[in-house]
Amino acid sequence: MDAKQLQSLKASNEQLAGFIVRLTNFYEGLSPDIDAELGKLRGHLSGNVDFTLAKVSINKINQLFMLEPTNLKNLTQQWLRQLDNDIKEFQRHIEDAELTKKALGVATSLSKPVSSVGQLLPLYEKLIKCYQAGLLSAAKPGAANNGGANSKTVQLKQDLIEELSHLLQTYSRINPDDALIASLRDRIDEELTEQELLSSCLLLIRIMVQETVTEASTAGKIIHRLNNALGNINGDVTSSISKSVESFEARQVRQKSLRSVLEDMEDALENEQNIDQLKEQAQHYLGQLANSLSAGEEADRVEQEGLMTLLVSMQQQLSSLQKQTDSYRKKLVEQRVNMYTDPLTKVPNRMAYNDRAGKEWQKCQQLKQPMSIAVIDVDHFKRINDQYGHAAGDKTLQAIARYLKSRLHANEFLARWGGEEFILLIPDLTSSQLPERLDELRIGLAQLPFKFKQERLTVTVSIGGTECRTGEQLDAAFERADKCLYQAKAGGRNLVVVQESA
């Protein structure tokens, strides 16, 4: 190799070494162990280059790379998921339409391919600015309740009060005369501090535990009565069997006696020659037969009366037990209906939805049929409560629930999800057919007449929907529908947004 080639090779090596040094600086921060070895590699490649030691460092770095579970691509994807969750959380607790719209813009950007940290960081910066603006908005006078508590805490408290109210309504239907439940309901209607809310929760837990213990006691009494009744019946049957055996043995003795009398009578007829004596003996034997038959008839009568008494007793015990079990079964049915029904709107509640949704989705997957899901949210519901009172808000929810229930198709299922949200299951419907069905409900709800404090009011809803995908969990479909709902809210409300199936 001549001097010119050597010079070219040296220049290439220096260029390569410089590039590796810059590359290690660029990717610094992935892992402390890798960072330490990259620092050694830069030392070997800077100044007087030592390729022998550099090769040792490169081998160590290669091993560390293989052991490192996370790379920049995975980190980017993790940050994308986290950013998506942060956006949803932000949209849940910020009512400002402009801020919600900005957050939706970030969410829209996430729906496009994001392949590098450089693309991700500006999105985080936008969301942070939304958060800052939201905090400033919440810090303004009158923007937050409970002495400046943040909107998330206020919303959490409101949700808890709402859930307590629903539970109390359910228990008040079971025990309408319970003074403790009545006092709790009155307390819930007032403005509660955190301490009072905690106290109310503890009281309700005690009520629930007491109700559970009472139910267990009632069930125990029913089982005890059943056991006693069966024991009595078993004793009566055993006694009846014993008496039947005694009666059978007595009947055999009577029959044997009858045969003996007949044999004696037969011998007398064969041997006796005197007519008068024969008549006297015949009358004697016939008298014995009559006495024996009378005794048998009396024994049969007593046995029959005993059997009838036993049957009547058994029938009375079974009738009493049947009434008790029917009453208990009726109570269980009523409690199950109460447990699965929202007390305010009289439509199924979230527990009923969870039970029905799993069965419907499993059925649709087995039959390879489509199923869609929609989340319905009342627009500006807080404004109705604040301006017209909670009674107006309750009537609004009841009217909306009645309308939706009256417009359900035979295979559709509606439930109250909580607050001002309802959820709708629609089997046999694809995402391409879903917008028309949901728009039909949205338009009909907007035409309902409302009048509060002599003021006519139009109440609208926003709806998000999607088709459940084969093999996925229903929670994933619900998340998509929920995301579509927030897009409808950010888009101006009184809208339907549907995500097409993949």
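Predicted model: local features only at pLDDT ≥ 70, side-chain atom pairs only at ≥ 80, totals over all residues.
1. Residues are numbered from 1 along each chain as its sequence is written, and side-chain values use heavy atoms, with hydrogens and water left out.

2. The overall composition comes next. The protein has 15 helices and seven strands; helices (H or I, at least four residues) and strands (E, at least two) are DSSP runs, numbered from the N terminus. Of the 502 residues, 34% are buried, where buried means under 20% relative accessible area, exposed over 50%, and partly exposed in between (1.4 Å probe, protein chains only). Contact means heavy atoms within 4.5 Å. Among contacts between residues at least 6 apart in sequence, 67% join residues at least 24 apart.

3. To return to Asn349, this residue lies in the loop between α10 (275–339) and α11 (350–367). Is Asn349 buried or exposed? Its relative accessibility is 14%, so Asn349 counts as buried. Apart from neighbours within four places in sequence, Asn349 is in contact with Met339, Tyr340, Thr341, Asp342, Ala415 and Arg416.

4. Cys364 belongs to helix α11. With 2% relative accessibility, Cys364 counts as buried. Its contacts, leaving aside neighbours within four places in sequence, are with Gln369, Pro370, Met371 and Pro427. The C-alpha atoms of Cys364 and Asp428 are separated by 8.0 Å, although the two residues are 64 residues apart along the chain.

5. The helices α12 and α13 form a pair. Two packed helices are described by the angle between their axes and the distance between the axes. The axes of α12 (residues 381–388) and α13 come within 6 Å and cross at roughly 140°, which makes α12 oblique to α13. Here axes are lines fitted to C-alpha atoms, for helices over the stretch in contact, and angles run from 0 to 180 degrees between N-to-C directions. Angles under 35 degrees count as roughly parallel, over 145 as roughly antiparallel, 65 to 115 as roughly perpendicular and the rest as oblique.

6. Which residues bring these two helices together? Phe381, Ile384, Asn385 and Tyr388 of α12 meet His390, Ala392, Gly393, Thr396 and Leu397 of α13. Asn385 touches His390 and Gly393, not counting residues up to four places away in sequence, and at 14% relative accessibility Asn385 counts as buried.

7. Helix α14 (residues 434–446) has 13 residues and reaches 19 Å from its first C-alpha to its last, close to the 18 Å expected; the expected span is 1.5 Å times one less than the number of residues. Its buried residues are Leu434, Arg437, Leu438, Leu441, Arg442, Gly444 and Leu445. Seen down the axis of α14, these residues fall within an arc of 165°, so they line one face of the helix; the arc is that of the directions from the helix axis to the C-beta atoms. An α-helix has 3.6 residues a turn, so residues three or four places apart point the same way. The cover over the buried residues of α14 includes β1 (371–378), α13 (390–406), β3 (421–427), β6 (461–467) and β7 (496–499).

8. Helix α15 (residues 474–490) should span 24 Å with its 17 residues, and its end C-alpha atoms are 24 Å apart, which agrees. This helix is mostly covered, with 12 of its 17 residues buried; among them are Leu474, Phe478, Cys484 and Tyr486.

9. Some backbone angles deserve attention. Gly492, which follows α15, has a positive phi near 120°. Arg493, in the loop between α15 and β7, has a positive phi near 70° although Arg493 is a residue other than glycine. His380 is not a glycine either, and its phi is positive at about 50°; His380 lies in the loop between β1 and α12. At 35% relative accessibility, His380 counts as partly exposed, and Arg493 is partly exposed with a relative accessible area of 22%.
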